[in-house]
Amino acid sequence: MSAENSKVRAVLAKVILALLSIVVMASLLPLLETNIWWIRFLDFPRLQFIVALIVLLLLFLAVRGRSGWMGWTAIIGTAVALGYHIHKLYPYTYLAEQSALTDASCAEGQSIRIMSANVKRRNESADLFLEQVARVEPDVLLVMETDAWWDERLSVLTDSFPNRIQSIPEDHAFYGMHLLSKLELISPEFRFLFDADTPTVFTQLRLPGGDVVGFTGLHPRPPLPWSQPTTLRDAHILSAALDARASSGATILAGDFNAVPWERVTRRAIRIGGLLDPRVGRGLYPTYDTKSYVMSWPLDHILFQPAFTVQNFEALPKFGSDHRAVVATLCYQPNGTSEVPVLRPNDLTEADASIEAAIRLADERQ
C-alpha cells in the first residue's frame, strides 16, 4: 500500500470515527431526564440510528489501520448504543410477546372499531380521507387538526355518525378536533389541559350490547425547536393516563401523541393508566412523516385497558396528510386476562412533577 493511500485511509478513518462518535453520543443522550426539545427528539429516530451506526461501523472497520484507544472506545460505544436501541425497539417486533391478546371472534354487541387520524389542517384532500373512512367503517372516528373548512367537509358523515362533538379553533390555531360516533356519546366534553388551544375530548361510549366504556382523544403539542419543550406534551399524556387510572370503567386512549411508543413518557403513561399497546409484539406501524422515507416513526396511538382484546390493528395508507391514520378493532371482555406493565415506585411522583411543571409553564405564557 502506497504512503499516499495510507494517508487517505487514515484521514477517512478519522472522519468516520468522528461521525461514529457523534451518532453514539446522540443515541445515548435521551437517557438524561430533561425536557429540552432536541434531546427528547433524539428518542424518535432509533431505527435510523441503528442503520447509521451499522453503516459507519462497517466503514470504519474497512478503512482503519491500527486502532488506538480512541478507535476501540468508539467500537465499544457503538456496541453499547446498538444494544440500547435494540432493547428499546425489541418490544415492537414480532419476536416479542404480544401485550394485548388477539381475539378473532367477539360476542355480538361487544366489538368497537376506532379510527384516529391527524388530517393536517392545510391538507385539502378531504375526498381521499372520506373514501378511507367509508372503506374502514369505524364506529368511532377521531379527527385532529380540523378547522372550519374540515368541519364543512366532515358534515357529509352526519348520517353515518349521528353523534358528534367538535372543537373548531380560530384561524390562527392548528388544534381543532372532531369526534364522530355511531355509538351513543355519554357526557362528552372538551378540556383544555395546560394550553387554551389544545383540546382533549373525554366521553363515555355505549356499546351496541349496552356496556359503557370510556374514551379519551388527545393531541398534545409537539416538541419544537427553541420555543416548545416537552413539558406540556408530557403532562398532557400523563394527565390522560391518570384519568384512565381513576376511571371506574375500561378506557381507550387515542390520538396523535407526538410521542413514540418507546419514549419514557409513553411507557410511564402506559404503566400509570394500566394500558396495553397493540404495537407490542406486532410491529412499529410508523405513521409520520408520510412525505419522508427517513423521518418515519409511530406517533399515532390507540391504547386501551385489559378489558379489551385486539381483533385488528393497522396503519392505513396515505390520504394526503403528513400522518397515516390508525385503526383498531377491539372486543370488550370485562374479564380480560391481559397483563399490563407493573407500576414503578416513582411513576406517580414523576407524573405529578411533570404536571406541576406544565401548570407553571402555562401560567408563565399567559
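**Exercise 1. Find which residues lie nearest the centre of the second largest pocket, then describe its lining and volume.**

Step 1. The second largest pocket has 23 lining residues, and Glu145, Pro222, Leu224, Asn258 and Tyr288 lie nearest its centre. Here, on a 1 Å grid over the protein atoms alone, a pocket is an open set of points with protein on both sides within 12 Å along at least five of seven lines, a cavity is a set where a 1.4 Å probe fits but cannot get out, and lining residues have an atom within 4 Å of a point.

Step 2. Keep the source in mind: this is a predicted model, in which local features need pLDDT of at least 70 and side-chain atom pairs pLDDT 80 or more, while totals for chains, interfaces and linings use all residues. Residues are numbered from 1 along each chain as its sequence is written, and side-chain values use heavy atoms, without hydrogens and water.

Step 3. Sort the lining by class: 11 nonpolar, five polar and seven charged residues. Ala, Val, Leu, Ile, Met, Phe, Trp, Tyr, Cys and Pro count as nonpolar, Asp, Glu, Lys and Arg as charged, and the others, Gly among them, as polar.

Step 4. The volume is about 480 Å³, taken as the space filled by probe spheres set on grid points joined across faces, edges and corners.

**Exercise 2. Describe the largest pocket and say which helix gives the largest share of its lining.**

Step 1. The largest pocket has a volume of about 650 Å³. Of its 27 lining residues, Pro91, Tyr92, Arg267, Arg271 and Arg344 are the closest to the centre.

Step 2. Helices α4 and α8 (264-273) each supply at least two lining residues, and α8 gives the largest share, five residues. Helices (H or I, at least four residues) are DSSP runs, numbered from the N terminus.

Step 3. By class, the lining holds 11 nonpolar, three polar and 13 charged residues.

**Exercise 3. Check the span of helix α4 (residues 69-89).**

Step 1. The expected span is 1.5 Å times one less than the number of residues.

Step 2. For the 21 residues of α4 that gives 30 Å, and the end C-alpha atoms are 30 Å apart, so the two agree.

**Exercise 4. Is alanine 246 buried or exposed?**

Step 1. Locate alanine 246: it is found in helix α7 (residues 231-246).

Step 2. Its relative accessibility is 67%, so alanine 246 counts as exposed; buried means under 20% relative accessible area, exposed over 50%, and partly exposed in between (1.4 Å probe, protein chains only).
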